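Here are my notes for you on this one. Have the picture open while you read.

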Amino acid sequence: MLKKRIIPKLLVDSLQTEPTLVTTRDYAARRVAGSPVSQARVYSAQGADELSFINLGGRAGFSRFLAILEQSARELFMPLAAGGGVSSVDDARALLVAGADKIVINTAATENPCIISEMAERFGSQSVLISVDYRTPLEGEPNVFVDSGRRDSGIKVTDWVNQCERLGAGEIMLNCITRDGSSSGYDLLWIDKVRRVTTLPLIVSCGCGSIAHFIEAFATTGVSAAAAGTFFAFHDQNPIQARAMMKNAGVPMRRLY
Amino acid sequence: MLIGIIDHGRGNITSIKNAIEFVGADVTLCCSRDDLSRVDKLVLPGVGAFRDCMEALHERDLVTALTTEVLTRHKSILGICVGMQVMMDHGSEGGGCAGLGWFKGATTRLLGGEEFLLPHIGWNEIECDAALPLFDGLPASAEFYFLHSYRAQPTQAEETAATSRYGEQFTAAIARKNIYGVQFHPEKSLDLGLKVFENFIFRC
């Protein structure tokens, strides 16, 4: 049976000479949370199913981010997704060569959707993970936000997910910016709505504040995985405790040896 | 022990190289026919789709030389993901393409379904032939990381070395003599994946 995954998110501020791990709130208000490589080691030892490395330094920090990824991949033999500032197929290749298996992409894909099919053809659909950032509007359907949550693309979330699927994306990560760093729980409403319009595996992200939030997301929506940044960086719980409680709640989880 | 990773020139082999070095073997990348004969064992990684993988092998003129090393000189080889799939006669992905033909049968798309979304991404259990040296020392129902939408279907039942379930039972590994293929990613499957590499390098 395919297991549900929990994915610690590692947000990397690569603008520093010595890149740091940070957490964000509403995609801003950064808090320093340590060193990315050491923290990745800790998460791996604590039974994370996959890691998601996100570069917050854009173009300027891309090469430092690559070095962090490369260093992590040399010693962590587990699934690694990476992105942030990917603007071309060459950027994607550089991440794969550094040791990522999946490329996380958002802004560049909304500006030039063809990059999705180019990446899918070149590296396989399974390597193309579309990060869909959105803010929950007071009413109506949310739009996709780009440029680290600063700009409304004007594209409806469900339309975009459909388009990504047609273009050959392999997986979708839903980031509700409104809940980022809030520890108030995942946006179950829109996960469920997106679930109904796509057959791609979904990763839910932003808002996790307790293990109950993971359980709730897996029990009430059809998501394949749940990601969390602040939760793992600043709470006492680690992935081992989370997976034990989730298993007890009936969520199918990978065994640890 | 020198392990040659067949380099298609399309990236994505770093993790395999890292994992093999971690378990204690030397690694070299094989880009040409001459490179193949210099190594003790071979690893064929998967890139992109079935057709891409075969095109990459043809572009580098590796198909005949690889077949000679494996079928005539009996050099051990481990195919990973698409690297396993291309060992079949044929692949249906992207309009159909001939494979290396070392195993009878085709690579076709998983059935999928409402609860079985494709790609099949994540950790899943395998039931394997415990007598096979490749799987030496693995616990029962060991879990590995999968990332694929297609699967190999060998027509000779005895060539299926492991199975997994995702809406259907599918072939998770194939084996015949010195030829091994795994659908999952040992380089991404933590300790059990490293165990598979160790077995391949020192026991197969």
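1. Start where the chains meet: 37 residues of chain A are in contact (heavy atoms within 4.5 Å) with 34 residues of chain B. This is a predicted model: local features need pLDDT of at least 70, side-chain atom pairs count only at pLDDT 80 or more, and totals for chains, interfaces and linings use all residues. Residues are numbered from 1 along each chain as its sequence is written, chains are lettered from A and ligands numbered from 1 in the order written, and side-chain values use heavy atoms, with hydrogens and water left out.

2. Together the two chains bury about 3,000 Å², 56% of it on carbon and sulfur atoms. Buried area is the accessible area (1.4 Å probe) that two parts lose on being put together, summed over both. Look for L2(A), F77(A) and Q126(A), which supply 25% of the area chain A buries against chain B.

3. There are also 3 salt bridges across this interface; the rule wants a side-chain nitrogen of Lys or Arg within 4 Å of a carboxyl oxygen of Asp or Glu. K3(A) and E125(B) form a salt bridge through their side chains, at 2.6 Å, N to O.

4. What about the inside? The largest nonpolar core has 78 residues, and L51(A), F53(A) and M246(A) are among those with the most contacts inside it. Such a core is a set of buried Ala, Val, Leu, Ile, Met, Phe, Trp, Tyr and Cys residues joined through side-chain atoms within 4.5 Å, where buried means under 20% relative accessible area (1.4 Å probe, protein chains only).

5. Zoom in on F53(A): leaving aside neighbours within four places in sequence, its contacts include L10(A), F65(A) and L80(A).

Note on methods:
Buried means under 20% relative accessible area, exposed over 50%, partly exposed in between (1.4 Å probe, protein chains only).
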